[in-house]
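Trainee: I would like to go through this model with you, one question at a time. Please show it first.

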Amino acid sequence: MKVILIGPPGSGKGTQAKRLAAKLGVPHISTGDMLREAVADGTELGLKAAPIMKSGGLVSDDLILGIVQDRFAKPDMEKGYILDGFPRTLVQAEGLDKIVGNDGERLRVTELLVPDDAIVRRITLRRTCPSCGAIYHLENQPPATDSVCDRCGAEVIARADDTEEAVRKRLDAFHRDTVPVTDYYKSKSVLREVDGIGPIDEVFERIEQSLS
Ligand code: AMP
């Protein structure tokens with residue numbers, strides 16, 4: 001199963017992509033997670049990406065295609081994958097076609113639809129675990145104990161780019177850059193649209209149905 005999950009920041013695609021990857025037994029490839037790891041490790045890529053990510057802008061297509069190409073070279077990608085947060089621009093979508101070659105025909109693309117106002121509310125209440133990557137929501141899915149990750153016990157925090165100002169900027173970037181990507185997949189008749197509003201389990205079922 002080779003899947004691209006598209007959706008605005010805060011549409012729940014990270015949560016759903018993780019779940020889908022676990023259920024299908026394929027890697028979950030999140031360029032956002034890869035970049036955050038590079039930032040935490042203080043690599044050259046991390047140093048370049050950190051200020052852009054913090055302001056809510058997009059990291060350059062060259063850098064992103066470079067890390068994705070490296071990841072695709074690993075053998076675990078052969079059985080399938082869930083791509084999350086990539087491709088985000090038309091250049092990246094075309095770059096992906098080159099990386100996957102003929103496999104491009106078997107890509108399934110699902111877009112989660114969530115209105116902007118719902119996203120701003122969701123993201124400012126989002127908390128993540130810097131240690132294991134678990135994602136929480138202070139209203140809908142809070143950790144059992146205040147600010148403590150259920151899974152690993154680390155303190156859960158708001159991501160540096162989860163402020164309202166940065167969220168609005170990321171939504172603008174999404175509408176500007178990613179709509180051409182969805183149009184690209186629409187023109188190839190591989191795009192499925194899924195309502196991203198509702199309980200996580202229900203949205204997950206809708207995503208699974210979109211892939212069947
Ligand atoms: P995400 O976790 O997918 O919301 O990504 C967090 C941030 O990482 C984004 O706001 C961008 O700054 C950067 N980023 C992640 N994936 C990409 C991508 N495919 N292209 C450009 N920038 C990206």
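Predicted model: local features only at pLDDT ≥ 70, side-chain atom pairs only at ≥ 80, totals over all residues.

Trainee: How many residues surround the ligand, and which are the closest?
Mentor: A residue is near a molecule if one of its heavy atoms lies within 4 Å of it. The ligand is surrounded by 17 residues, and the closest are T31, R36, G57, G85 and Q92.

Trainee: Which helix gives the most to that shell?
Mentor: Helices are DSSP runs of H or I with at least four residues, strands are runs of E with at least two, and both are numbered from the N terminus. The helix that gives the most, with 4 residues, spans residues 31-41 and is α2.

Trainee: A backbone N or O atom of G57 lies at what distance from an oxygen atom of the ligand?
Mentor: A polar contact is a pair of N or O atoms within 3.5 Å; within protein, one must be able to donate a hydrogen and the other to accept it, and residues adjacent in sequence count only if both atoms are side-chain atoms. V59 has a backbone N or O atom 3.1 Å from a nitrogen atom of the ligand, and R159 has a polar side-chain atom 3.4 Å from an oxygen atom of the ligand. For G57 the distance is 2.6 Å.

Trainee: How much of the ligand's area does the protein bury?
Mentor: Accessible areas come from the Shrake-Rupley method with a 1.4 Å probe; for residues, only the protein chains shown count as cover. The ligand taken alone exposes 480 Å², and the buried part of that is 97%.

Trainee: Why is the pair of F72 and Y81 edge-to-face?
Mentor: Rings of Phe, Tyr and Trp (its six-membered ring) pair if their centres lie within 6.5 Å; planes under 30 degrees apart count as stacked, over 60 as edge-to-face and the rest as tilted. The structure holds 2 aromatic pairs. In this one the centres of F72 and Y81 are 4.9 Å apart, and the pair is edge-to-face because the planes stand at 70°.

Trainee: Is Y81 buried or exposed?
Mentor: Buried means under 20% relative accessible area, exposed over 50%, and partly exposed in between (1.4 Å probe, protein chains only). Y81 has a relative accessible area of 2%, so it is buried.

Trainee: Which residue does the side chain of T110 contact?
Mentor: T110 lies in strand β4, residues 108-113, and is buried at a relative accessible area of 1%. A polar contact of 2.9 Å joins its side chain to that of S210.

Trainee: What kind of peptide bond joins F86 and P87?
Mentor: Most peptide bonds are trans. P87 is in the loop between β3 (81-84) and α5 (90-100). With omega about -5°, the bond between F86 and P87 is cis.

Conventions. Residues numbered from 1 in each chain as written. Heavy atoms only, no water.
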